[in-house]
Amino acid sequence: MERVEDNRWIVTLWGYFGENTPSEDAGFQAFAEALDAPDISAFLQNATPVSDYSRYRIPQCHLHRLDALKTFPDRLLVVGDAVCKLNP
């Protein structure tokens, strides 16, 4: 959960290994209730959605083993998705 402007919040839930987050109110709430984070579920019980649900899928995760390179370019700083891309 992240607070954004105009006293609104973004709640992001995700699943792994074929467990997909539902894109409708009752399913989203049930998915949140199954988490080990009761604050999220309690928040959603009193929340009013202001938009449709959105899904973002990454078909696979990547870990680039830059530490295994035989030579590494001097003064190169690798950050973000260049190191590791996770779902999400």
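**Before starting**

This is a predicted model, in which local features need pLDDT of at least 70 and side-chain atom pairs count only at pLDDT 80 or more, while totals for chains, interfaces and linings use all residues. Residues are numbered from 1 along each chain as its sequence is written, and side-chain values use heavy atoms, with hydrogens and water left out.

**Stop 1: the largest pocket**

Select V11, T12, F28, Y53 and S54, which lie nearest the centre of the largest pocket among its 40 lining residues. On a 1 Å grid over the protein atoms alone, a pocket is an open set of points where a 1.4 Å probe fits, with protein on both sides within 12 Å along at least five of seven lines; a cavity is a set from which the probe cannot get out, and lining residues have an atom within 4 Å of a point. The volume is about 1200 Å³, that is, the space filled by probe spheres set on the points, with grid points joined across faces, edges and corners.

Next, colour β2 (8–10), α1 (25–33) and α2 (38–45), each of which supplies at least two residues of this lining. Helices (H or I, at least four residues) and strands (E, at least two) are DSSP runs numbered from the N terminus. By class, the lining comprises 21 nonpolar, 13 polar and 6 charged residues. Here Ala, Val, Leu, Ile, Met, Phe, Trp, Tyr, Cys and Pro count as nonpolar, Asp, Glu, Lys and Arg as charged, and the others, Gly among them, as polar.

**Stop 2**

Select I10 in strand β2. I10 counts as partly exposed because its relative accessibility is 44%, the classes being buried under 20% relative accessible area, exposed over 50% and partly exposed in between (1.4 Å probe, protein chains only). A C-alpha to C-alpha distance from I10 to D81 gives 22 Å, across 71 residues of sequence.

Move to F31 in helix α1. Is F31 buried or exposed? F31 is buried, because its relative accessible area is 12%. F31 and A47 are 16 residues apart in sequence, and their C-alpha atoms are 15 Å apart.

In helix α2, select D39, which counts as exposed at 64% relative accessibility.

**Stop 3: a nonpolar patch**

Show the side chains of W14, Y16 and F17, which form a nonpolar surface patch with about 440 Å² of accessible area together. Patches are made of residues with over 30% relative accessible area and no salt bridge, with like charges joined within 9 Å and nonpolar side chains (Val, Leu, Ile, Met, Phe, Trp, Tyr) within 5 Å. Accessible areas come from the Shrake-Rupley method with a 1.4 Å probe, and for residues only the protein chains shown count as cover. Y16 sits in the loop between β2 and α1 and is partly exposed at 42%.

**Stop 4: two positive phi angles**

D6, in the loop between β1 (2–4) and β2, has a phi near 60 degrees, although it is not a glycine. D6 is exposed, at 65% relative accessible area.

R75, in the loop between β3 (62–63) and β4 (84–85), is likewise not a glycine and has a positive phi of about 65 degrees. The relative accessible area of R75 is 88%, so it is exposed.

**Stop 5: the salt bridge**

Finally, select D67 and R65, which form a salt bridge whose closest N and O atoms are 2.8 Å apart. The criterion is a side-chain nitrogen of Lys or Arg within 4 Å of a carboxyl oxygen of Asp or Glu. A search of the whole structure finds 1 salt bridge. Both D67 and R65 are exposed.
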